[in-house]
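Hello,

Here is the structure you asked for. Please open it first; my notes follow below.

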Amino acid sequence: MGVGKTTVGRVLADRLGTTFRDTDDDIVATAGKEIPELFIDEGEPHFRELERQAVRTAVAEHTGVLALGGGAVMDEGTRALLSGRPVVFLEMGVAEAVRRTGLDAPRPLLAVNPRQRWRELMEQRRPLYTEVARAVVATEGRPPEDVADAVLDALELKKA
């Protein structure tokens with residue numbers, strides 16, 4: 001959360017001369033409501049099912065840069081879909097995460113004690129991120145353009 005997946009993804013797609021897609025946007029379009037509303041109105045399990053469907057569809061249909069929500073890797077089927085693909089884990093430290101997401105940002109999983117909750121989520125998710133990632137790129141203290149360049153280098157891709 002807050003690592004810059006969407007911003008970096010757009011820069012990366014531009015540099016590669018391809019399209020960008022974010023599964024969170026797909027979920028919002030399908031559900032007709034924003035993700036925080038989905039969590040409140042329908043609950044996290046419903047959101048996760050929409051997320052699984054959005055990832056399956058996007059991986060099958062989209063050939064450009066794809067950003068997945070931070071919790072997508074919790075699903076075993078999603079991890080299997082990502083296996084062998086050029087996946088990059090964008091990482092940052094907790095202080096930077098709290099600074100970027102803010103204490104009042106509409107992030108349902110960080111609603112109570114965001115610093116502690118972020119740490120807990122990362123403890124659960126980091127092994128899964130690294131399981132599916134071909135490369136890990138740090139974002140802390142770097143502008144999105146530099147992060148995109150690091151992703152290109154890590155994946156040995158050429159700019160368009």
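**Helix H4**

Phe47, Arg48, Leu50, Glu51, Ala54, Val55, Ala58 and Val59 of H4 are buried (under 20% relative accessible area, with exposed over 50%, 1.4 Å probe, protein chains only). They sit on the same side of H4, because they cover an arc of only 160 degrees around the axis, taken from the directions from the helix axis to the C-beta atoms. An α-helix has 3.6 residues a turn, so residues three or four places apart point the same way. The face turned away from the buried side of H4 carries the exposed residues Pro45, Ala60 and Glu61.

**How it was made**

This is a predicted model: local features need pLDDT of at least 70, side-chain atom pairs need 80 or more, and totals for chains, interfaces and linings use all residues. Residues are numbered from 1 along each chain as its sequence is written, and side-chain values use heavy atoms, without hydrogens or water.

**Asp22**

Asp22 lies in strand S1, residues 20–22 (strands are DSSP runs of E, at least two residues; helices are H or I, at least four; both are numbered from the N terminus). What does the side chain of Asp22 make a polar contact with? The partner is the side chain of Thr6, at 2.5 Å. Asp22 is buried yet has no salt bridge (a side-chain nitrogen of Lys or Arg within 4 Å of a carboxyl oxygen of Asp or Glu). The nearest side chain of opposite charge, Arg10, is 6.2 Å away.

**Whole chain**

The protein chain has 8 helices and 4 strands. Buried residues make up 43% of its 160 residues.

Best wishes

Methods. Lys and Arg count as positive and Asp and Glu as negative; His and the chain ends are not counted. A polar contact is a pair of N or O atoms within 3.5 Å; within protein, one must be able to donate a hydrogen and the other to accept it, and residues adjacent in sequence count only if both atoms are side-chain atoms.
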